[in-house]
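Please keep the sequence and the 3D view open as you read.

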Amino acid sequence: PITSLNEKLIQNLLQKMIFMKSSQSSSKVKGLQKYRRCFRHFSLKTHRRDILALLIYFFITATVTTTKTLLPAVALAAEEADDGHPDPNEEDHNGMIYVGRMDDDGITRTGFHVDNGVKYIFGTGFDESHKKIEEEDLRHEHYGPDAGHDLADRAHGKTKEQILHEKRHGTVDPSRGPKPFGHVDVHPLDGGVAPPKVVHVDSFFMDEAPVTNKEFGKFVRSTYYETEAEHFGWSFVLSSFLPKAEILESADVDPEAEDWVAVDGAYWREPEGPGSSYKFRENHPVVHVSHRDAAEYCKWMGKRLPGEWEWEAAARAGHFGPKNRTLFPWGEEGTVEVAKQYANLWGNGAFPWENHAEDGWRGTSPVKTFPPNAYGFYDMTGNVWEWMRGGKHKARIVRGGSYVDSLDGSFNHAATLGARATMHGTTGTGNVGFRCAKPPKRKVEHDFVYHDEETQGQLAIEDEYGNTKQIPRRDTNEYVTVEEDEDDDEFSNDLNEKSDDEPEYVEMTRRQDETRKKKRVVKQRTRLSNEL
């Protein structure tokens, strides 16, 4: 029966049985302490006889007391054999929505024992090449370090071998010149990444709506935080929103967007400058916040800014494939009569002086005013742009479009699901806000690294109460481990039989190699992604 059991399950079960028996009658298992160290080099083929002997020993010598503790050990070992990750179905956060792979019932979240992220077609909606991507390219089998060139680029008639060759031996087009680090090609209408491509994101939680003035005010009052607009003393305001026309004659304007005026004293409490107020707009998205301001708020909340791959996965809300991919959250219909029911956009008037407020709002609108998408997220198109993590300080990424954008890109950006823009990280304007994201809880994994006590100090042992002891105990190997040379048997005769011309330091070197110490550290979780 040992061959039908899971190897990792047997390993965890035996460890727990040894530790439980040793805590009850240490004298009976004194000779079994050596097995603790071998579990790190466990192999079902080479240790089958020892495992059978251990199982027979424990089951024959089991008493009523040990039986009561043995059953929980089996259950706990079976749980840890499933990677030991928390169940994502048991984790929820107020005001946040989970985005990840679901089971066949569409309700139960897939656990971490398999890849539970999502794959979808990322990029602009105006490029028709996404229709040539096949559904099979979105399967979860295509995931890992080689996923970038395991898929054929059918949209441009390239095979997997051609893609891999271009990645390894790519050349620079002399006519276009070299591209800077982080450069992406974008579509001129909505600024989305072109051409569309298949991307993968791990499961995550994200706020259902942008952060409001009321929520940001709690952060400011609790931490006495000063935004960068307050620090610099000015921020950008739309020219048609200025309280006085005289300001437009003397104020500076954005050289890349002349309709935005630098107004002294404008910040999140006074969105249009001195004399205005955020009162009666407490449920509107907070504006005039920079990338750093948004990141500081998310950090205070125990969250972070979302990546743009994560954001677009939430915005597309399951419309991930080439057959059901849409241009807007409500579908393909690009008329103001339809759009005004779903998003806060500019409308039919001439920008920036004619806003007919077809959707009911000239500027920002309260969050949750318009219907959510299929996942339950509000304001994923229109209202305010939203800061993303990543990018460069001079070109931070914003997504989603705002109330000044159009449907067809005739002025400003086309407010599609792929709408994307970049701006300086310190920029504060009246149409940029943010929302936060949070990864689900996962198992904390540990690793052992070499520790040099001469340069890094003596290792300290922590007991169950958190107290530290500088002298390692012989019976403790949880935080300190001594690495023995696995090849001692092979080279022991050579080391013991020294020749006449052999140096005297051979024996000392052997002792040092046998007693190199390691310390347990938290393993850094890495992610195969170029999103950041």
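The report below covers a sheet, a disulfide and some backbone features.

This is a predicted model, so local features need pLDDT of at least 70 and side-chain atom pairs count only at pLDDT 80 or more, while totals for chains, interfaces and linings use all residues. Residues are numbered from 1 along each chain as its sequence is written, and side-chain values use heavy atoms, with hydrogens and water left out.

**The sheet**

Let's begin with four strands that form an open sheet in the order 10-9-8-11, with mixed pairing. Strands here are DSSP runs of E with at least two residues, helices are runs of H or I with at least four, and both are numbered from the N terminus. Two strands count as paired if DSSP finds at least two bridges between them. At the edges sit strand 10 (420-423) and strand 11 (432-433), each pairing on one side only. Strand 8 (residues 385-387) and strand 9 (residues 396-399) run antiparallel and are joined by two bridges. Look for W387, which stands opposite V398 in strand 9.

Helix 11 (residues 308-316) lies across strand 8, strand 9 and strand 10, and runs at about 5° to strand 9. For that angle, axes are lines fitted to C-alpha atoms, for helices over the stretch in contact, and angles run from 0 to 180 degrees between N-to-C directions; contact means heavy atoms within 4.5 Å.

**The disulfide**

How many disulfides does a search of the whole structure find? The search finds one, where a disulfide is a pair of cysteine sulfur atoms within 2.5 Å. C298 and C436 form it, with their sulfur atoms 2.3 Å apart. The pair links distant parts of the chain, 138 residues apart: C298 is in helix 10 (residues 291-300), and C436 is in the loop between strand 11 and strand 12 (437-438). The torsion about their S-S bond is about -85°, so the disulfide is left-handed.

**Backbone features**

Most residues other than glycine have a negative phi, and most peptide bonds are trans. Here are some exceptions.

| Site | Feature | Value |
|---|---|---|
| A194 to P195 | cis peptide bond | omega near -5° |
| F351 to P352 | cis peptide bond | omega near 5° |
| A317 | positive phi | about 50° |
| D379 | positive phi | near 55° |

P195 is found in the loop between helix 6 (160-169) and strand 3 (197-201). P352 lies in the loop between helix 12 (336-339) and strand 8, and D379 is in the loop between helix 12 and strand 8. D379 is buried, with a relative accessible area of 8%. A317, in the loop between helix 11 and helix 12, is buried at 7% relative accessible area.

Note on methods:
Buried means under 20% relative accessible area, exposed over 50%, partly exposed in between (1.4 Å probe, protein chains only).
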